[in-house]
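Subject: Structure for you to look at

Dear colleague,

My notes on what was found in it follow below.

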Amino acid sequence: MVLRGLNQKTDEGMASDQPVKKKQRIDGPDIDEGSDKSADDILTDIYDTEIPPADNSGDFITRNGESPDSGTVSEDAVDCSAILRLSTEANANITPSCSNNTLNWTSADDKLLAELTVVQNALVGQCLCGLNNNALSELFDRRLHIAAWPITCSLTYLSTMQLMFDVYLKQNNNGTICSKLMYTCDMFVRNRHDWITEVVELSDHKSKFLTFVASRVLASFLIVSKDTVDENWLQQITENVYLFDRINRVTVQKINFSLDIIKRIVEWKDVEQHPLDESRGSMVQEDNPFRISSSYNTSTTSQVPSSSNDANLHRTFSNLQTQSSPSTSTDETPERPFKLNEPVLKLTPPQTNGDEPVSPEPPPRMERVNVNGCVTVVLTDSESFDTSHIKCLMIKTLEHHWPVLVKNMKLLLLRYLNLSNAENCILTFFSLWENIISVKANLSVIDTKPFYADLQSFVDLLRNTNLPSLIYSHLLSLFNEVLCYGSTLALQDILPEEICCLAHSIVRYVKDFRLLNDVRVQSNRSGFGFLGNECRVINNFTLGSEVTPLSTSIQLVDQSYGDGDDSQSKSEVDKTMLQRMSLLVLKSVAVTVKEMRCDSSDSSIDSSDYNAIQDMQIVERSIRDVLKKLDAFIRNRLEFHPETPFTKMLIHLFSEQDDYLIESMVCTLDITVGIVYRNSMYPDLIPMLNPIMSFIEFLKVVSHDSDVLLDYLVSNETCFLLYLLRFLKYVRRNWPKFLETCQHIDSGTRGLDDTMRVLIRLRLQISRLVSKSLFPYNISPVLRLLEVCESLYEGNEFS
């Protein structure tokens with residue numbers, strides 16, 4: 001939006017006010033004709049509608065705000081050019097968003113803010129024991145009416161809830177929770193006043209800040225509730241995805257609201273320990289025999305208490321019987337400070353209100369008072385750390401409406417991209433889709449299978465090079481996650497049909513439709529960022545009457561991002577886009593080769609089956625053409641020397657991304673093995689994909705440091721274990737080729753000695769760790785292959 005500072009005054013008469021009021025009556029039917037709103041209030045309403053500028057950039061047709069499926073003017077067609085004027089007077093103030101609510105500010109709002117401030121200060125200290133139960137009930141156990149509050153009160157209230165849930169999750173991960181904090185969160189879980197519906201209805205609120213906080217609150221609350229979540233809550237959230245008549249700005253905002261909640265639940269990770277809380281957190285964890293260590297997903301790493309933990313548990317219950325007595329009050333404070341190694345545990349029955357019927361009494365819970373006087377509840381169930389239930393429940397709820405969501409998002413992408421917040425909604429959708437099918441989500445194959453069915457409908461978008469760079473890059477990231485070759489597909493004997501169809505489509509687009517020639521990977525730096533391809537300039541910008549203007553025209557961004565004269569910035573290569581596209585093509589070829597190898601090993605196909613052999617030769621020719629096009633694609637974009645080997649280009653292309661680098665090496669290795677296995681009629685592919693040259697170049701990138709290889713083996717962020725195991729098997733079977741490649745790269749024995757020196761040091765490091773039982777898994781197959789290669793090296797005449 002271009003804001004121009006003009007010298008006109010805001011009170012020029014009714015001539016300038018009437019069009020504004022007329023426009024407000026059109027777009028806001030809830031405004032009375034006799035409304036006495038000031039110019040500042042009208043300006044605030046225009047800001048809150050978040051209307052995009054009229055001059056949309058890009059290759060999409062904007063239609064001047066008209067709805068693409070109707071001939072009427074939509075709510076996004078407001079022209080702000082004649083309304084937004086900034087006064088140059090020094091005392092001119094811009095009314096903040098939703099400030100019209102300040103007219104209804106009462107003393108009750110001041111009281112609410114004061115109470116929320118006290119709660120927030122207590123939450124910063126990780127304890128609510130200093131607050132009274134009645135005060136907490138009056139503050140949180142009531143009907144909220146958040147939408148009717150002033151914006152300051154609404155944001156503060158929701159922010160307090162968000163902070164409360166975050167502290168709860170953090171303490172839940174440690175195994176002990178403040179009893180008052182658990183009591184307060186339990187009030188929200190009971191949802192007696194249906195506060196969840198109120199927060200869900202904020203999805204179409206005009207304040208984007210309130211909508212953002214509301215989505216964060218709901219996501220954190222659902223993770224806190226876990227097994228006690230009501231399916232009706234999830235249904236209310238997912239209704240925004242499919243219950244609407246037409247796509248407009250409000251619809252897009254509500255869809256993005258729900259998708260953001262679901263995405264945060266699917267990708268949620270356990271809270272990591274903050275360095276400033278290590279001392280306190282470590283004491284809490286060591287004293288709790290039921291706690292588990294932090295991990296990516298607690299559902300897959302839950303530990304059963306060992307015998308030592310059982311002994312600690314027995315001592316804990318002994319202390320419970322000898323040092324404590326039943327008590328019904330949680331407000332009591334100890335007469336002296338207690339240490340964690342001398343816990344005071346007490347049995348506390350559940351608290352009930354007089355008006356509510358008494359439910360069957362659950363098992364008593366253990367409480368103790370820590371050194372700070374906080375009465376904490378000791379969690380005695382390992383399932384309290386498990387969030388797999390809410391994840392699976394959310395996925396199941398979304399699964400029923402997934403085809404409708406995919407259809408709407410594709411329609412939004414093709415026809416309604418000019419709507420406000422549409423691009424953000426599409427990016428959220430792609431991120432959610434990627435998180436659902438990702439192996440890191442630890443969801444079962446049965447749960448994720450329905451989300452593979454609609455992938456083929458988005459493959460055609462790869463040919464639409466007019467898509468915004470950020471959306472196109474996320475689309476590539478989604479397909480790369482589907483073709484998770486290094487982590488999943490390379491280990492499977494039979495590949496899923498949806499995966500193979502996706503790989504076949506990409507190979508066909510590269511071979512027949514020249515996909516790599518049309519991809520825009522050479523653009524401005526700002527083309528991939530948040531500033532757009534063009535940087536706008538605020539003209540006639542002044543800093544007030546007492547400040548001398550810096551210039552008549554101020555560029556608000558770095559000059560290198562704008563339309564300057566530097567030709568190098570205009571031709572800069574978007575390396576992220578280049579990496580994702582290259583890896584996607586490489587993995588598609590690897591999947592095709594693996595499928596072809598599985599078909600050729602089928603016992604029903606013999607050497608006399610002429611048609612099957614012809615089909616495989618056609619596939620091989622297609623693979624050769626695709627790899628040649630990929631070679632030219634990378635070579636032209638990064639300006640490599642014409643004699644640079646293809647494998648060397650791949651190593652340097654992915655050298656900044658460890659996971660991309662290792663996965664590309666697995667792909668080239670498997671493609672080579674598959675071609676050799678088939679006795680391909682194209683022998684020129686063998687030197688082009690030489691996996692030994694890839695490994696030697698990889699060692700140069702890591703400076704021949706065996707510690708880096710050991711870190712790759714210990715870490716689970718890459719598939720280096722799979723790669724090293726298969727590469728060592730390949731070297732053992734092709735030892736003469738290994739010697740030849742090492743001598744070809746470095747004359748004499750230097751290349752061979754440098755390569756084997758790294759492998760020998762790696763074997764010694766692994767052996768030392770294994771002897772001390774410090775290696776995290778069984779590494780003996782890799783260790784035996786390293787010993788075999790070392791014996792071949794020692795028996796070699798060139799060693």
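A residue is called buried here when its relative accessible area is under 20%. By that criterion, 47% of the 799 residues of the chain count as buried. Please keep in mind throughout that this is a predicted model, and that the values below are computed from it.

To begin with the chain as a whole, it has 32 helices and 8 strands. Among the contacts in the chain with a separation of 6 or more, 75% are accounted for by residues 24 or more positions apart. The chain exposes about 39,800 Å², and carbon and sulfur atoms supply 50% of that area.

Two pairs of helices may interest you. In the pair formed by helix α5 (residues 151-174) and helix α8 (residues 208-225), the axes are 9 Å apart and the packing angle is about 25 degrees. Since angles under 35 degrees count as roughly parallel, α5 and α8 are therefore roughly parallel to each other. The crossing in which α5 passes α8 is left-handed. On the α5 side, the residues that make the contact include Ile151, Leu155, Leu158, Met161, Phe165 and Leu169, while those of α8 include Phe209, Leu210, Val213, Val217, Phe221 and Val224. Sorted by class, the contact of α5 with α8 has 15 nonpolar, 4 polar and 2 charged residues; Asp166 of α5 and Arg216 of α8 are among the residues that take part.

The other pair is helix α29 (residues 720-733) with helix α30 (residues 735-745), which pack at an angle of about 95 degrees with their axes 5 Å apart. Because angles of 65 to 115 degrees count as roughly perpendicular, that makes α29 roughly perpendicular to α30. Here Tyr730, Val731, Arg732 and Arg733 in α29 meet Trp735, Lys737 and Phe738 in α30. By class, this contact of α29 with α30 has 4 nonpolar and 3 charged residues, and no polar ones.

Finally, there is one residue that I would ask you to look at individually. Arg637 lies in helix α23, which covers residues 610-638. Is Arg637 buried or exposed? With a relative accessible area of 17%, Arg637 is buried, because the cut-off for that word is under 20%. Arg637 and Asp574 are 63 residues apart in sequence, and their C-alpha to C-alpha distance in space is 9.5 Å.

Conventions: Residues numbered from 1 in each chain as written. Predicted model: local features only at pLDDT ≥ 70, side-chain atom pairs only at ≥ 80, totals over all residues. Heavy atoms only, no water. Helix = DSSP H or I, 4+ residues; strand = E, 2+ residues; numbered from the N terminus. Buried < 20%, exposed > 50% of the residue type's maximum accessible area, 1.4 Å probe, protein only. Contact = heavy atoms within 4.5 Å. Areas by Shrake-Rupley, 256 points an atom, 1.4 Å probe, with all protein chains shown as cover. Axes fitted to C-alpha atoms, helices over the stretch in contact; angles between N-to-C directions. Parallel < 35°, antiparallel > 145°, perpendicular 65-115°, else oblique. Left-handed = near helix turned anticlockwise from the far one by under 90°. Nonpolar A, V, L, I, M, F, W, Y, C, P; charged D, E, K, R; others polar.
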